[in-house]
Amino acid sequence: MEAFTNRQMQWELVAAALGDHLRQITGAAFDVEDLERPRHNVMVFHGVGGIGKTTLSRKLEAALAGADQRPAQWGEPAWSGKRILPVRIDLARSAGTSFEDVVLTIRAALAELGRPLPAFDIALRRYWESQHPGESLEEYLRRGGLGARFGKAMPQQMQSALADVAQALLLPGTVGTAVGALVGSLTRALREHRQTVRALAGCARLADLLEAEADLEALSFYPHLLAWELAQLPADKHVMPVILLDTFEDVGDRTHRDLERLIQRVVWLMPNCFFVITGRSRLQWADAALPGQLDYTGPTAWPGLALPAAVPAARAAQPPYGRVRQVLIGDFTDCAVSVGVTRRGGP
């Protein structure tokens with residue numbers, strides 16, 4: 001606990017941001033398929049190496065997982081009672097995390113829902129059979145530790161999704177069909193008869209994604225299918241994933257920001273999820289000088305990341321600075337606050 005004597009403010013900021021985010025995504029105006037609206041679903045904590053960012057990320061994951069893991073002084077969040085699903089992903093080079101691993105980790109965590117996510121599951125199976133022919137996804141998950149971390153339900157749910165859709169499409173001769181052949185038959189049939197499958201009929205972009213070549217570029221758009229699936233959950237099953245991306249400084253300079261571009265798509269295409277990013281540098285997504293390097297840039301796209309560094313701390317919780325989403329962590333004196341954070345907390 002010694003490392004967290006001054007971390008209550010970070011928790012208050014996250015709790016306030018999550019409360020704000022929950023109000024947005026449960027409002028009548030929210031549309032998970034709207035890919036044009038500005039995004040407020042990311043919060044960034046940045047600071048020098050050794051300041052405790054990874055420890056903070058782990059502590060936030062534990063605190064979001066259950067009240068019994070939350071320090072007493074952190075208090076009860078306003079959104080208490082809502083189902084939050086924290087998913088922490090270490091992006092350090094030493095962890096060897098690929099973009100495939102990022103997507104698979106999020107899906108594996110959602111296995112906790114106890115149900116197939118057919119739009120995403122079919123697209124992912126198609127990708128896997130195309131890019132990893134002859135390699136078992138189940139074995140890959142086991143070897144990478146995701147099976148031990150999240151259980152073995154994900155492959156079973158994916159197989160169930162394939163079987164259910166095959167039955168809905170009345171595909172003959174699919175019983176006992178090898179996964180690869182079954183996925184091929186399903187994707188061909190779905191292109192023509194998607195409206196026949198009630199669970200997929202409303203997913204506007206599924207057909208286009210199944211038409212696209214099943215490569216890494218296509219995979220980076222599949223998180224939209226996960227977001228759509230989450231939006232279809234009944235009220236009593238509703239869950240909001242909070243995805244914690246740690247060691248983000250190891251992402252930005254990998255092959256001319258290619259990995260960062262793919263990860264940014266995940267954040268943009270999952271507006272009903274919340275992302276907490278920890279790294280050494282402030283996130284540049286709101287900068288106006290990045291078009292061409294990343295897909296979604298500028299202050300209009302990411303208002304909370306665009307606040308000027310000179311905002312006085314005393315004004316940080318006042319309009320127009322009510323949604324601060326980028327914070328320099330340190331000792332939290334006024335001079336350590338890069339974009340304005342009051343000691344009282346609140347975004």
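**Strands β1 and β5.** I looked up the pairing of β1 (residues 42-46) with β5 and found three bridges joining these parallel strands. I take two strands as paired if DSSP finds at least two bridges between them. Helices (H or I, at least four residues) and strands (E, at least two) are DSSP runs, numbered from the N terminus. Gln326 of β5 is the bridge partner of Val44.

**Basis.** I note that this is a predicted model, in which local features need pLDDT of at least 70 and side-chain atom pairs count only at pLDDT 80 or more, while totals for chains, interfaces and linings use all residues. Residues are numbered from 1 along each chain as its sequence is written, and side-chain values use heavy atoms, with hydrogens and water left out.

**The sheet.** I traced the strand order as β2-β3-β4-β1-β5, an open sheet of five strands with parallel pairing. β2 (84-90) and β5 (326-328) are the edge strands, each pairing on one side only. From one strand to the next the twist averages 15 degrees. For angles, axes are lines fitted to C-alpha atoms (for helices over the stretch in contact), and values run from 0 to 180 degrees between N-to-C directions.

**Strand β4.** I checked both neighbours of β4. Five bridges join β4 to β1, in parallel, with His46 opposite Gly279. Four bridges join β4 to β3, also parallel, and Phe274 is the bridge partner of Val242. Six of the six residues of β4 are buried, so the strand is largely enclosed by the rest of the structure. Buried means under 20% relative accessible area, with exposed over 50% and partly exposed in between (1.4 Å probe, protein chains only). Phe274, Val276 and Thr278 lie on one side of β4, and Phe275, Ile277 and Gly279 on the other.

**Helices on the sheet.** I found α2 (residues 53-65) lying across β1, β2, β3 (240-246) and β4 (274-279), at about 155 degrees to β2. Helix α3 (residues 99-109) touches β2 and β3, and its direction makes about 155 degrees with that of β2. Contact means heavy atoms within 4.5 Å.

**Enclosed helices.** I examined α11 (residues 223-231): eight of its nine residues are buried, so this helix is largely enclosed by the rest of the structure. Its buried residues, among them Trp228 and Glu229, pack against α3, α4 (118-131), α9 (206-211), α10 (216-219), β3 and α13 (258-269). In α13, 11 of the 12 residues are buried, so α13 is likewise largely enclosed by the rest of the structure; Arg261, Gln264 and Trp268 are among them.
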